[in-house]
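Me: I'm new to this one. Can you walk me through it?
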Amino acid sequence: MGIEDILMYDESLFNNINAFDPDYMPPNYNFRDTQMEGMAMAIRPAMRGGQPSNAIILGSPATGKTTAIKKVFEMVEKTTEKVICVYVNCQIHTTRFGIFSQVYKKVFGYLPPETGIPFSKIYAEIMKNLQKNEKSLIVAFDDINYLFQSKNANKVVYDLLRAYEEYPGVRTSIFAILSDLEFKYAFDKNVNTVFIPQEIMFPLYKYSEIEDILRDRAKAGFFPGVLSDDILEQIAMYTLENGDLRVGINLLKSCGNIAEASASREITQEHFDKAIDSLVSINVSETLKSLNDVEKELLKMIVDYDGIYTAGDLSEEYKQKTGSSYASFNRTLEKLEFVRLIDTKFTGKGSRGQSRQIILRFNPEDYQI
Ligand SMILES: Nc1ncnc2c1ncn2[C@@H]1O[C@H](COP(=O)(O)OP(=O)(O)O)[C@@H](O)[C@H]1O
Ligand SMILES: [Mg+2]
């Protein structure tokens, strides 16, 4: 280490390390105007004492849904006192009591006591307050699929949307936010008659958008000169090909940490490569943890096989071992490929014509399956 490096050692590359936090609110929020206008249109009637619309907000993970809703709610609250916006993270709040406690907090400014008060009382106090003050209520359920898992979705949505029956004049609407595009949300019949949502789609970001967003984030988080265009482009490309925006933002941060740990004043190619290596290993262990027993079984068979597996050989073995159908085998194999633990490649060499060769994408010696 040269004298200059020693002197520089204490100096951070980070101008604001919080810029890489998951809950950081980017002041510059581009590419989502259409979606935010859609939300505003749904809320607008409430600004003039009318009935706000319901909305369902759809998009893959990290397409900006949570950020957009929070920004819009913030703007609404700055503009009017007539609309109460409640943001509910359904990964955290899954019970009817928990969710209405969040609403209560927004209406009264403090949480209700956790014990000793029945749900019906909390509910009544909320609705009476809305009625008396002529305020509308909009509740955003972020990642609402979790609410279906806890089987509370129907009740909670029904409680909210039918409030006007018992409390005339009360105007409520809900925004349901969904990341899992395969998740089929199905409300009960009686909820369907009141929940008629307008759909707001968040498409995936294109390469140029990812690059722009990451450049902005790097500007907010690093001192000037820390990140070169070349590394930024590599991070953006990796993000596009291997993950979502969150991966890109995390990569920026870990590149910064690695560069800082080696007392460098900028992020080099070597730092980037190291960051990618550690990312890959985290992803593999996370993915392995998320597999079900059948998926694990098939993966073990692939790992244990000493040689080149084709899908044909494997399906035979799988059928014998598990007694499952070819369709089930195919589904499981597709899942393993989808989560990027394996690749399949058509070789054309199989005994039954076209055959798929299976390639592991990680070193099984490094992980426990
Ligand atoms: N248009 C954008 N501009 C700046 N940052 C963005 C943009 N879209 C998403 N992000 C960032 O990407 C991450 C994921 O966004 P988020 O709103 O949580 O997505 P979602 O709720 O769709 O999963 C957050 O760190 C967020 O700040
Ligand atoms: Mg989200």
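Me: Which residues are closest to ligand 1, and how many surround it?
Reply: This is a predicted model: local features need pLDDT of at least 70, side-chain atom pairs need 80 or more, and totals for chains, interfaces and linings use all residues. Residues count from 1 along each chain as its sequence is written, while chains are lettered from A and ligands numbered from 1 in the order written. Ligand 1 is surrounded by 20 residues (C-beta, placed from the backbone, within 6 Å). Pro-26, Gly-64, Lys-65, Thr-66 and Thr-67 are the closest.

Me: Which elements give two or more residues to that shell?
Reply: Helix H3 (65-79) and helix H12 (245-261). Helices here are DSSP runs of H or I, at least four residues, numbered from the N terminus.

Me: Why does the ligand lie between two domains?
Reply: Because domain 1 (3-18 + 206-289) and domain 2 (33-202) both give residues to its shell. The bounds come from an automatic or database domain assignment.

Me: Back to H3. At what angle do H2 and H3 pack?
Reply: About 45 degrees, with the axes of H2 (residues 33-47) and H3 10 Å apart. Axes are lines fitted to C-alpha atoms over the stretch in contact, and angles run from 0 to 180 degrees between N-to-C directions.

Me: New topic. How do H14 and H15 cross?
Reply: At roughly 130 degrees, with the axes of H14 (residues 293-304) and H15 (residues 311-322) coming within 11 Å.
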